[in-house]
Amino acid sequence: MIDRRDFIKGAAAGGILMGGGMGTLFSAQDDAPKLLSIIEGEDPRKIALAAIDALGGMKKFVKAGDVVLVKPNIGWDRVPEQAANTNPMVVAAVVEECKKAGAKEVLVLDRTCNDARMCYRKSGIEDAANKAGANVVLFDAGRQSNYKLVKFAKGKEVTQWPIVKQALDEAAA
């Protein structure tokens, strides 16, 4: 059973990394662990790497032998210049950093709004993630059999949530 707090902490960190490193830390405590960082610049790869570094490095989140799911925004059948999806250079940088941190496998997938094959290809994410060493998973969102309802041991408000079954299966393998 997945601990809800660990799931949310990892999802928040991954989501900010996928967003290009934009975000901020809201905490009343100066010594609170940083989960978000603000990085600005022109080069998406450099921004992503700087964001990871500002958070304490990928080894803070990924341990040797982990199976990591990277969930960028690949929702739209658009080219990178249209900025509708996560920049493929950001995805590649995150995948590479996960691998350097010792990840056994890095999965990249998203539930797309347009045709998945076209979104993955046209966004440049499929090619960039594959070149970086990821296993790019084409996900069929229309099939309920693709989800598994996961219960959270310490959930108060959210006690269960549907999770992509293939990601859970790959993590257990």
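In strand β3, Val136 is the bridge partner of Val108. The structure is a predicted model, in which local features need pLDDT of at least 70 and side-chain atom pairs count only at pLDDT 80 or more, while totals for chains, interfaces and linings use all residues. Residues are numbered from 1 along each chain as its sequence is written, and side-chain values use heavy atoms, with hydrogens and water left out.

Helices (H or I, at least four residues) and strands (E, at least two) are DSSP runs numbered from the N terminus. Strands pair if DSSP finds at least two bridges between them. Strand β3 (residues 135-136) is paired with β2 in the parallel sense over 2 bridges. Strand β1 (residues 67-70) also runs parallel to β2, joined by 4 bridges, and Val67 stands opposite Glu105 of β2. Strand β2 (residues 105-108) is covered on both faces, with Glu105 and Leu107 buried on one side and Val106 and Val108 on the other. Here buried means under 20% relative accessible area, exposed over 50% and partly exposed in between (1.4 Å probe, protein chains only).

In helix α2 (residues 44-54), the buried residues include Pro44, Ile47, Ala48, Ala51 and Ile52. Viewed down the axis of α2, the buried residues fall within an arc of 135°, so they line one face of the helix; the arc is that of the directions from the helix axis to the C-beta atoms. Exposed Lys46 and Asp53 lie on the face of α2 turned away from its buried side. Just after α2, Gly56 adopts a positive phi of about 105°.
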